[in-house]
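Subject: Structure handover

Hello,

Here is the structure I said I would pass on. My notes follow below it.

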Amino acid sequence: MTRYIRYAAVFCTLLLAALLVNAARVQVVQSRVYDDNPANRRPVIARYGQPRGDILVAGRPVTGSKDTREQLRYERTYADGPLYAPVTGFASQVYGTTLLEHTEDAVLAGTDPLLSPLALLKDLTRQRAPGGDVVTTLNRAAQRAAYEGLAGRKGAVAAIEPATGRILALVSAPSYDPSLLSGNGADVERAWARLNADPDKPMLNRAVRQTYPPGSTFKVVTAAAALDAGVVTDVDAPTDSPDPYTLPGTRTRLTNEGDGCEDAPLRDAFEWSCNTVFARLGVRVGAEAMVAAARNFGFNDPGLRVPFAVTRSTFDTTLDKAQLALSSIGQYNTRATPLQMAMVAAAVADGGQVRAPYLVERTVRAGGTTVSAAGLRPVRQAMRPGTALRLRELMSDVVREGTGTNAAIPGAIVGGKTGTAQHGLGNSGTPYAWFISWAQGPRQAQPSVAVAVVVEDAAADRGEISGGGDAAPIARAVMRAVLGS
Amino acid sequence: MTKVGTGTAVAAADAPARAVRRPRRRGIELALIVLAVLLSVYGYCAVGLARTGSLPPGAVGYGAGLGVLALLAHLAVRLRAPYADPLLLPIGVLLNGLGLVLIYRLDLETPHDRAAPTQLVWSALGVALFTVVVAALRDHRVLQRYSYVCVAAALALLTLPILFPAVNGARIWIRIAGFSIQPGEFAKVLLAVFFAAYLAANRNALAYAGRRVWGMQLPTGRVLGPILTVWLLSVGVLVLERDLGTSLLFFGLFVVLLYVATGRTGWIAVGLLLAALGAVAVGRLEPHVHARVEDWLHPFASIEAGQGPNQLAQSLFAFAAGGMLGTGLGLGHSVLIGFAAKSDFILATAGEELGLAGLSALFLLYALLVERGYRAGLSLREPFGRLLAVGLASILALQVFVIAGGVTGLIPLTGMALPFLAQGGSSVVTNWAIVALLIRVSHCARRQYDGQVAP
């Protein structure tokens, strides 16, 4: 019997071996197959198992985390949600993340390998690094001034620091409270459906994700191209421009809102925003040089990230002369995001240089040490420094005595350009009011803020919409906020 | 009996020399018990520290309770079975303690459904039964006399739940005064006693071989009779109670014991053939069993069908999440398994939170327990004791294999309690009874080599 007991023992040993081998298969060899199965809730539970890092504006967090004690434990909260929504985006347990919450997710969620220097130890203890913080370049006062200036009217504001490309304000209205989308309950689903069905599109980030015809504000680009190409050498010399101007190859006659544009020199034409002069200037510069100039300012660049992607601003590259004429005054297929137009103003303010704008100053660990900082940003020369200097003069004239007097700030040098862009079929839509500007404080060596404002107010009467009337006061409030801080 | 008698005569003749006196090793047992209790208390504290950052409030009471129970059991062994194997009791204490820790840990996820206090009561009852058996059963051979009482009681216990309503598709529970009892658990031990007694008495007759077919000796008709009876019993359990696990266990136990008693491989072949026939037939006809096989073949089918992961898939996720070293006690998410996470799927919690390292350690503990049982069987000289020891050890081995293999996707899943670890009062009491019987048997096995002689 002894022998058979031994055989039975061998059988039991085989059962044990099978269990051990199979356990090793499930737990180690093939564990990735199970870990990566989308039905496995563990990664999601781990993601929301610790408070998310915060997004900081001027040293103070504008986000937070709430302990719900549910399976997905921590939920995102926002202080002043609608104000910062175009920057933060949302971090939803159901609908994912957008904008900074999306691009900086690895740092905020604590998965960025740079957050925990001892990677090996982390693998052993399986501890997730606490979420890092994202320090933004925003100016708290400027952001609030822009938001309150729009006062819920449809539109957007973008402000940047010309010398660096730091984004100081990024506002889109109407906005929404991203904390409505943070959790995973039925109320989140309802909020999502409601926000998406809203005809005002509150979740659309108009400052970077919506392009508008830039209208007369684009004349800054056209003037720069004309000066750089030598088409205009003296801003005070008459430009030999008819009024009205018949678009080349057509019988369409282009007119102006005011009088005195016939043969007007560049200075006057800029000050009073003469369509005829700039349309003809564009044609004289030629399509190739106009496209190159627009590209130098940042148009037609599909890869701009701040760090979230910015919709491409366009200047059509296949134009006949009539189309070129219209494109040169910011109509036809010319479209720009408010951020792009702020870059145009910044280029004038900073000696013709365009710097890639950015929102994230640096990311820091929970303890405060820096993980990564915004390094030197690429710089592109959009126009000659001399051209920039002349344009500064022209833009200052606009604010001092032209269409942009509403933007004047006592004691500061302010330059601006208004725009009222027609759009819609047969220009039937309510025009968009534009204003782009920059400002230099009394004790500053160079302008410290460049702004672009667009207001698309469907409620206003058609005649009342204008860059100088609707948009310039908002730009002034933002510039004041920056100069005052 | 005659063999033992001979041994007695020899030992008596050599008595003056006293050179063969064996160490009783009760001190080792005590030290190991202390270690087992400390390990359990450590696990209990680790759960609290991981979950709340502080020691759980009842740590001292829990440790003291477990320690007192273990010490009572140890005293019983020290006084009434001093030659017993010193590993059996500590392994039982450790497994039971770890089981309580795992159930307590899962209780934290289900605050409205606490199972650990009840399990602690059942564990105390189990240890009490252990103490009674060790103290009262002076000689395991007494049981041989009651073999037919045992089988009658076992059949009665097995048929009892048929009168009660099915719970989750299986008719294996009876509910009395709020307590769920699984009579099939107790029947295991009774059947092991009966099988051991029956085979010990009839093994010579059963060893007669019938005709040779294809180089295999087929059993004769009078041998086939009992095999077929047990097979029918197993299938009956399966069909009437829809309990694949118990049915497999009974049949496997019988085949192992039959083989050990007679040494006929032909019996194994017949047994496997019958088992296969039964399994295929039932698998085809019985939807409950059929679904289990489908789940085993395609654990992710429900995910692909958009219905979310089923329990087996969740169990596999839990094991995989454990990896080599585990997440640490209290830090896993095996509660996602949902229903039966504390009973049938308790091993998934161990796998996730203790990792492959901890799981292997658990398997090796079971292996050690089984090995000590087999060793006791090998040391004994009389057939009933040998078969009883092998049978009880095999119950543990088969049970661990069936449920652990089931939850790790090695074999189709059948509901069964993992010995000592899983939530379930009947199971824990039965397992303590098994360990008590093994202690008795091992006491006899080691004492016979000592200078002292059984009265």
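Of the contacts in chain B with a separation of 6 or more, what percentage is accounted for by residues 24 or more positions apart? The figure is 73%. Please keep in mind throughout that this is a predicted model.

Chain B

Chain B contains 17 helices and 4 strands. It has 455 residues, and 52% of them are buried.

The largest nonpolar core has 154 residues, and the members that touch the most others are Ala196(B) and Leu257(B). Helix α16 of chain B, residues 383-407, supplies the largest share of this core, with 17 residues. Setting aside neighbours within four places in sequence, Leu257(B) has contacts with Phe195(B), Ala196(B) and Leu199(B), and also with Leu387(B), Val390(B) and Gly391(B). A further core lies apart from that one; it has 132 residues, including Ala156(A), Ala269(A), Ile329(A) and Val449(A). As background, nonpolar side chains tend to be buried together in soluble globular proteins.

Where chain A meets chain B

On the chain A side, 28 residues are in contact with 41 residues of chain B. At least two residues of that side come from each of α1 (2-29), α2 (31-35) and α3 (42-47) of chain A. The biggest contribution is that of α1(A), which gives 17 residues. By class, the chain A side that touches chain B consists of 18 nonpolar, 6 polar and 4 charged residues.

An unreviewed UniProt entry places the feature "signal peptide" at residues 1-23 of chain A. In the model, this stretch of chain A is 96% helix and 0% strand, with its end C-alpha atoms 33 Å apart.

Domains of chain A

Chain A is split into domain 1, made up of 42-136 + 179-201, and domain 2, which covers 208-484. Their C-alpha centres are 36 Å apart. Between these domains of chain A, 17 residues of domain 1 are in contact with 12 residues of domain 2. On the domain 1 side, α5 (99-103) and β7 (133-136) of chain A each provide at least two of the residues that touch domain 2. That side of domain 1 of chain A has 9 nonpolar, 5 polar and 3 charged residues.

Strands of chain A

One open sheet in chain A has 5 strands in the order β2-β1-β7-β13-β14, and its pairing is mixed. The edges are β2 (60-61) and β14 (370-373) of chain A; each has a single partner strand, so one side of each has no neighbour in the sheet. Strand β1 of chain A, residues 55-57, pairs with β2(A) in the antiparallel sense over 2 bridges. Leu56(A) has Pro61(A) in β2(A) as its bridge partner.

Another pair to look at is β8(A) and β9(A). Strand β8 of chain A (residues 155-160) runs antiparallel to β9(A), and 6 bridges join them. Gly155(A) is opposite Ala173(A) of β9(A). The hairpin of β8(A) and β9(A) has 6 residues between the strands, and Gly165(A) in this hairpin takes a positive phi near 95°.

Is strand β9 of chain A, residues 167-173, largely enclosed by the rest of the structure or left open? In β9(A), 7 of the 7 residues are buried, so this strand is largely enclosed by the rest of the structure.

Regards

Definitions and conventions
Residues are numbered from 1 along each chain as its sequence is written. Chains are lettered from A and ligands numbered from 1 in the order in which they are written. This is a predicted model: local features need pLDDT of at least 70, side-chain atom pairs count only at pLDDT 80 or more; totals for chains, interfaces and linings use all residues. A residue is buried if 20 or more other C-beta atoms lie within 10 Å of its own, exposed if 12 or fewer, and partly exposed in between; C-beta atoms are placed from the backbone. Two residues are in contact if their C-beta atoms, placed from the backbone, lie within 7 Å. UniProt positions are given in the numbering used here, feature names are shortened, and annotations may be inferred rather than shown by experiment. A nonpolar core is a set of buried Ala, Val, Leu, Ile, Met, Phe, Trp, Tyr and Cys residues joined through C-beta atoms within 7 Å. Domain bounds come from an automatic or database domain assignment. Ala, Val, Leu, Ile, Met, Phe, Trp, Tyr, Cys and Pro count as nonpolar, Asp, Glu, Lys and Arg as charged, and the others, Gly among them, as polar. Two strands pair if DSSP finds at least two bridges between them.
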